[in-house]
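I opened this notebook to record what I looked up in one structure. The entries follow the order of my reading.

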Amino acid sequence: MNAPQSKSAADVAQQQIANWVRSFIVKYNICPFARPDLDANNMRYCVAHSSDLETVLMSLVEECVFMDSNPQVNTSLFILPEGFEQFDDYLDLLDIANALLQAQGYEGTYQLASFHPDYCFEGEEESDAANYTNRAPLPVLHIIRESALAAALAEYKDPESIPERNIQFTRRKGANFFELILQACKASKAD
């Protein structure tokens, strides 16, 4: 009998983010547009296999090219398990990635949303529970197909209220509640 194979680091990273999507984003309706994409299998998980900035940026563009060829994929969670653990380094990457997508002609096609374990909104205290609206087990660049987002927003009553509702919800529940969720996402791995 063969011993069970251990999961690769990429598999573990992907599973942690999938756990987070299900147990936080979808369960608490943080993004009301996530459940339909998850249910329809229109969400993709892509793990960057490098911590080198140039290689990561090339992989990000390759992921956009993949989405160009696969219009059913509305969203890709581009996971960065190494190299961007420091929030400031991640923010630098985010700025460069946004400029790169614009330079590659993707403005109006894709946009990036940002998630990081240490996410902190500018001007807010690190301990503010509202930061958990953008905290994830690992750094993630969320590539969103703008046409799908526009269609979802057109069907949603009062989409401008989503961020404020999430801030109120996270502050009501408290940072400890969400820290436990993130820890559980890291601890639970698919067999």
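In which loop is Asp158 found? I located Asp158 in the loop between helix H5 (146-155) and helix H6 (162-173). Helices (H or I, at least four residues) and strands (E, at least two) are DSSP runs, numbered from the N terminus.

I noted the basis of the entries. The model is predicted, so local features need pLDDT of at least 70 and side-chain atom pairs count only at pLDDT 80 or more, while totals for chains, interfaces and linings use all residues. Residues are numbered from 1 along each chain as its sequence is written, and side-chain values use heavy atoms, with hydrogens and water left out.

Entry: I looked up the phi of Asp158 and found a positive value near 60 degrees, in a residue other than glycine. Asp158 counts as partly exposed because its relative accessibility is 42%. Buried means under 20% relative accessible area, exposed over 50%, and partly exposed in between (1.4 Å probe, protein chains only). I then turned to Asn29, in the loop between H1 and helix H2 (34-39). Its phi is also positive, near 55 degrees, and Asn29 is not a glycine. With 32% relative accessibility, Asn29 counts as partly exposed.

**Entry: helix H1.** I read H1 as residues 9-26, 18 residues in total. From first C-alpha to last, H1 reaches 24 Å, close to the 26 Å expected at 1.5 Å a residue; the expected span is 1.5 Å times one less than the number of residues. H1 bends by about 25 degrees at Trp20, the bend being the angle between axes fitted to the seven residues ending there and the seven starting there. I found 13 of the 18 residues of H1 buried, so that the helix is mostly covered.

**Entry: the sheet.** I traced four strands in an open sheet of mixed pairing, in the order S1-S2-S4-S3. Strand S1 (43-47) and strand S3 (110-115) stand at the edges with a single partner strand each, so one side of each has no neighbour in the sheet. Two strands pair if DSSP finds at least two bridges between them. S1 pairs with strand S2 (residues 75-79) in the parallel sense over five bridges, and Arg44 stands opposite Ser76 in S2.

**Entry: helices on the sheet.** H1 packs on the sheet, touching S1, S2, S3 and strand S4 (140-145); contact means heavy atoms within 4.5 Å. The direction of H1 makes about 145 degrees with that of S1. Axes are lines fitted to C-alpha atoms, for helices over the stretch in contact, and angles run from 0 to 180 degrees between N-to-C directions.
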